[in-house]
2 protein chains.
Amino acid sequence: MGMPAGQRRMRADARRNYERLLAEAEIAFTEQGTEVSLEYVARRAGVAIGTLYGHFPTRQALLEALMRGRVETLGTRARELLHHPSPEEALYTWARAAVAHTSVYQGLATSLMSSFEAEDSALHAACQAVVSAGELLLTRAQQAGVIRADASAADLFTLISAIAWTSEQVPAEQAERLLSFALDGLRQTQATLPTSGFSRSPGRVIGPASDG
Amino acid sequence: MGMPAGQRRMRADARRNYERLLAEAEIAFTEQGTEVSLEYVARRAGVAIGTLYGHFPTRQALLEALMRGRVETLGTRARELLHHPSPEEALYTWARAAVAHTSVYQGLATSLMSSFEAEDSALHAACQAVVSAGELLLTRAQQAGVIRADASAADLFTLISAIAWTSEQVPAEQAERLLSFALDGLRQTQATLPTSGFSRSPGRVIGPASDG
DNA sequence: ACCTGAACACCGTTCAAGT
DNA sequence: ACCTGAACACCGTTCAAGT
């Protein structure tokens, strides 16, 4: 699979252990989610628990190594899609791919979202990379006038994460419906209905909300 | 606080322990989320761990007892809002309240969503109650023609849960932005833009997604 | 330079013994 | 009828000792 981030050379047995841990972690995380027992991972890889900690000092470090390839793929895909004739369809296609790649393990969406907020997290750079990739397509679609101008790259990331979380929890069709609705909400609107245009101004979420 | 679900009478000391457990659980869950140590809860309440298990055989049972009041409130609120002059605003107001009530503990949205899927869960009835409450306002708004007819009560519940999860993870303003976008996606649309009306038909989320 | 596994702290859950 | 807390199984994390 991959190589440790900065490292140049490793002893042969260390390299073997590293690869084996990554491969078995992929299986274990897929089976049981991001909270799977690290002892279980080490057991699967046939190494002592200390060896796992030697290579991956935190669970996040392990998750980061597992996600590296997927994050790169999303970046590449975004740059490819910049050449798609429809800016709108390009954005939507990429968003679907991003949801797919960030919901491969139960709990991944939550890990990513919290890493997005925490700058010191091992996964924070990965989140930033996804944000930047999405921003390319978002900006293009906004310049084409098909996506509302007040949506930010952070909004897009949050939306993708929320749908990824949803698709971890419910059947694929249900998550897909929500994604469709949400993407519709991103479209450039222009006078939808002849209803009283009451404004949904961002405000408190909680509240007594004067009734009628 | 509340009363045990079916039970009629309890010994005085048992009732005291029950109430104390519930009160301390509320604090502990608020502090540390739904995965807080149950031993911590028992310790706070000044009872042995076995006493906690005697009253609440599972973590979900405890969560269910904590949520009972909030779920009832949401039902009442929905019925009140049926008299609100604007069906759209009524729905949106209730949705915001629902998000607020289902994101009071870190991890609550995930518990609720998984209980929505699992019919044997202790929290499943609570989820159903929320779905039914939302359905009242959704149906009314659809009959008024302001909300798209293809949105279901399950869609609304999923949307609320997804935003509740989001607001557990990120600052309130960010979650509020996403909610606004999502609610816009629920509006009855009628020809938004003079763009080629490429159709986002529900399909796979993953996929090679033929590029351009 | 890397690996091992015992050690420590902590938790979920059950259940025999008490009152 | 209810409470207690020891017992068991399991896990996260560290680190002295090995090779």
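**Exercise 1: DNA strand C**

A phosphate oxygen of DNA strand C lies 2.8 Å from a polar side-chain atom of Arg59(B). Such a pair is a polar contact, that is, a pair of N or O atoms within 3.5 Å; within protein, one must be able to donate a hydrogen and the other to accept it, and residues adjacent in sequence count only if both atoms are side-chain atoms. The model is predicted: local features need pLDDT of at least 70, side-chain atom pairs count only at pLDDT 80 or more, and totals for chains, interfaces and linings use all residues. Side-chain values use heavy atoms, with hydrogens and water left out, residues are numbered from 1 along each chain as its sequence is written, and chains are lettered from A and ligands numbered from 1 in the order in which they are written.

Task: describe the protein surface near DNA strand C.

Solution. 
1. A residue is near a strand if one of its heavy atoms lies within 4 Å of it. DNA strand C is surrounded by 18 residues, the closest being Arg11(A), Asn17(A), Thr51(A), Tyr53(B) and Arg59(B).
2. Of the atoms of DNA strand C within 4 Å of the protein, 70% belong to sugar and phosphate.
3. A polar side-chain atom of Asn17(A) is 2.4 Å from a phosphate oxygen of DNA strand C.
4. Helices are DSSP runs (H or I, at least four residues), numbered from the N terminus. α3(A) gives the most to this surface, with four residues.
5. By class, the surface near DNA strand C has nine nonpolar, five polar and four charged residues. Here Ala, Val, Leu, Ile, Met, Phe, Trp, Tyr, Cys and Pro count as nonpolar, Asp, Glu, Lys and Arg as charged, and the others, Gly among them, as polar.

**Exercise 2: DNA strand D**

Task: state which residues are closest to DNA strand D and which atoms they approach.

Solution. 
1. Among the 18 residues that surround DNA strand D, the closest are Tyr53(A), Arg59(A), Arg11(B), Asn17(B) and Thr51(B).
2. A base nitrogen of DNA strand D lies 2.8 Å from a polar side-chain atom of Arg11(B). The side chain of Asn17(B) places an N or O atom 2.3 Å from a phosphate oxygen, and a backbone N or O atom of Leu38(A) is 3.1 Å from a phosphate oxygen.
3. α3(B) gives the most to the surface near DNA strand D, with four residues.

**Exercise 3: Helix packing**

Task: classify the packing of α8(A) against α9(B).

Solution. 
1. α8 (residues 153-169) of chain A and α9 (residues 172-186) of chain B pack at about 75°, with axes 10 Å apart. Axes are lines fitted to C-alpha atoms, for helices over the stretch in contact, and angles run from 0 to 180 degrees between N-to-C directions.
2. α8(A) is therefore roughly perpendicular to α9(B), a class covering 65 to 115 degrees.
3. In this contact (heavy atoms within 4.5 Å), Ala154(A), Asp155(A), Thr158(A), Leu159(A) and Ala162(A) meet Gln174(B), Arg177(B), Leu178(B) and Phe181(B).
4. These residues divide into five nonpolar, two polar and two charged.

Note on methods. Helix = DSSP H or I, 4+ residues; strand = E, 2+ residues; numbered from the N terminus. Parallel < 35°, antiparallel > 145°, perpendicular 65-115°, else oblique.
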